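Here's a quick tour of a model, taking in a sheet and then a ligand site. Have the structure open and follow along.

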Amino acid sequence: MSSENITSVAREGRKFNASRDFQAQANIGSIGAYRRLYSESVNNPEKFWAKQAAELLLWRKKWRKVLQWKAPFAKWFVGGRLNVAENCLDRHLGTARENKAAIIFEGEPGDQRTLTYKQLHHEVCKFANVLESLGLKQGDRVAIYMPMTPEAAIAMLACARIGAIHTVIFGGFSSEAIKDRVNDCQASLVITADGGWRRGKVVDLKANVDRALDGTPSVKHVVVLQRTNTHVTMKEGRDHWWHDVMATASHRHEAKAFDSETPLFILYTSGSTGKPKGVLHTSGGYLLGTTITSKYVFDLKESDTYWCTADVGWITGHSYVVYGILANGATTLMYEGAPNHPEPDRFWSIIDRHKVTIFYTAPTAIRAFMRWGDHYPAKHDMSSLRLLGSVGEPINPEAWKWYHKVIGGGRCPIVDTWWQTETGAIMISPLPAAIPQKPGSATLPFFGVVPKVFDDQGREVPKNSGGKLVITRPWPSMLRTLWGDDERFKRQYWSEYEGGIYFTGDGCRRDEDGYFWIVGRIDDVLNVSGHRIGTAEVESALVSHPTVAEAAAVGRPDELKGQALVVFVTLKNGVSATDELKEALRAHVAKEIGSLARPDNVRFAAALPKTRSGKIMRRLLKEIAAGGAVKGDTTTLEDFSVVASLQKEE
Ligand code: PRX
């Protein structure tokens, strides 16, 4: 596969339909059925959602009102009461699902464990008792910084069970990032592990937590899972081993019913300013959104072994490793480690050995698989697969076609799912048997979702022209606010247009069939390997280094990662621009944010291009970073010589 093919964004004109066999067994089997349900969902949304909520979830008390919408604040299933963990676990007990696998786990070193629904319920009840014995109550915040082991899911579900609010912090984030998040939400408990396995090495999770906790007075307790058997320091009175506290905990725990709007979790995500935003999701609406999309987008059946490769530290791991999948009573597979450990066929070997039926991953991973070569998937029998999914960034048609042919054997539909941390659940995606797929397009909206493409004045743009993607109606799994910051919530998402219109931050085009083609972020947020990184976060990390005067971070197209991170740095007077300093700055950003934000490229500059009003002209830097000539308008540029010298560099 040449790199030319990988980066090709040639439009693929063909449409792909599911086979007759797939259609015959599908939860929604025809475009007619999709259109009927979609019309119901937008013509009479409250009736539609009431019906779905009653069918798909277990309520202890019925709601009085389906939706209360005082834009931009929504409440769904007002007055209804439920327990999210009971919906994911208890309601499967006493049925045929009780003794089937809820979680199949494979650790990177090769260890394997299966937890049936009954066993998972048992563990979650025990851990819920542990949480309560540590003094945790409804509304308290719990930070989870763990490897991809079943205990991460157990911790999340136990929080949900007692009404505590979890905030999962991706294991690749640094101590500084842990500290900021814990302080922002004032977590009183941190759940972590001694370490986790990644490419044969131990990631020292507990040591990172220890460094963070020097500056987090809210934390009273730390629970530590023993995973890697590495030496850690346990602080007397504060730190407890998971196995010790679990040893004496009862497996009986009564799930209380909570109000539908009870906060379920906070998940921090990058925005266009320096400080990550704490996206808040609540219970009833979020669970309904993730459950119904799992059922129809993934065509999920209880007989499926479903594998989403996302870490639980991201929204995808919340919605489609844990909540949506378990609520449907299917089997979810969790894998701890890297896709190329010990060999680049690890994923295909997992699919083969566990007979995975549905596989959901990111385009950046697919492009890496393409590079590693077709002989790796060819070594394994992947005939168990029946459906593939993609998420995190636009998938280029070449990668789509490779995924379809080489991984799906030409027989599996692909669901290219567009959504965000903020939307909680999938918003635009094919329903695999009902909506013909066009490689590179997320196709059509899910039930109840009314997306539009607007110009700057809030008018819909004509077919095939670019604009801003907005969502014009509230939906059940929408974020409710940003933790502790309603004003930022309003400004960030609801101020671009008036009248309760949600602005996604994405650019988009709609084609002649009404299909949506997402082109990526239009704000100062980068998408590196399917993960959001705010340029302002990287810049503020850089200027916190003693040698840096000013910094600008931009994205450059990258054939594997989607975007690579390039930073332009001006140094303080007297500091010399050396290669060692470049390395030190890359390491500094990784330390401040996490290794996922480590710049690919550091470029020193005598000055940064600015407008006359002093704003850094990122557009020019992007063009320079991409290696092209500076085109476009430079009339507002203050000093032309700056651009000329930047282009000469490197
Ligand atoms: O730009 C879009 C891109 O990822 C952003 C959301 O990032 P995050 O909140 O981290 O959630 C990622 C997983 C849901 C979006 O604003 N994005 C996500 N999925 C797609 C996508 N862009 C194009 N096509 C997709 N399928």
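This is a predicted model: local features need pLDDT of at least 70, side-chain atom pairs count only at pLDDT 80 or more; totals for chains, interfaces and linings use all residues.

Strand S4 (residues 101–106) and strand S17 (residues 331–335) run parallel, with four bridges joining them.

Zoom out, and you'll find an open sheet of seven strands with mixed pairing, in the order S5-S4-S17-S16-S18-S19-S20. Strand S5 (112–116) and strand S20 (414–417) sit at the edges; each has a single partner strand, so one side of each is left without a neighbour in the sheet. From one strand to the next, the twist averages 20 degrees. Helix H14 (residues 363–372) packs on this sheet, where it touches strand S18 (358–361) and strand S19 (387–391). The direction of H14 makes about 100 degrees with that of S18.

Now for the ligand. It's surrounded by 17 residues, the closest being Asp416, Thr417, Thr421, Asp506 and Arg532. That shell splits into six nonpolar, six polar and five charged residues. Helix H12 (315–327), S20 and strand S25 (516–521) each supply at least two of the shell residues.

Here are some N/O distances to look at around the ligand:

| Residue | Atom in the residue | Ligand atom | Distance |
|---|---|---|---|
| Glu393 | backbone N or O | nitrogen | 3.4 Å |
| Arg521 | polar side-chain atom | oxygen | 2.9 Å |
| Arg532 | side-chain N or O | oxygen | 2.8 Å |

On its own, the ligand has 540 Å² of accessible area, and the protein covers 96% of that.

Notes. Residues are numbered from 1 along each chain as its sequence is written. Side-chain values use heavy atoms; hydrogens and water are left out. Two strands pair if DSSP finds at least two bridges between them. Axes are lines fitted to C-alpha atoms, for helices over the stretch in contact, and angles run from 0 to 180 degrees between N-to-C directions. Contact means heavy atoms within 4.5 Å. A residue is near a molecule or strand if one of its heavy atoms lies within 4 Å of it. A polar contact is a pair of N or O atoms within 3.5 Å; within protein, one must be able to donate a hydrogen and the other to accept it, and residues adjacent in sequence count only if both atoms are side-chain atoms. Accessible areas come from the Shrake-Rupley method with a 1.4 Å probe; for residues, only the protein chains shown count as cover. Ala, Val, Leu, Ile, Met, Phe, Trp, Tyr, Cys and Pro count as nonpolar, Asp, Glu, Lys and Arg as charged, and the others, Gly among them, as polar.
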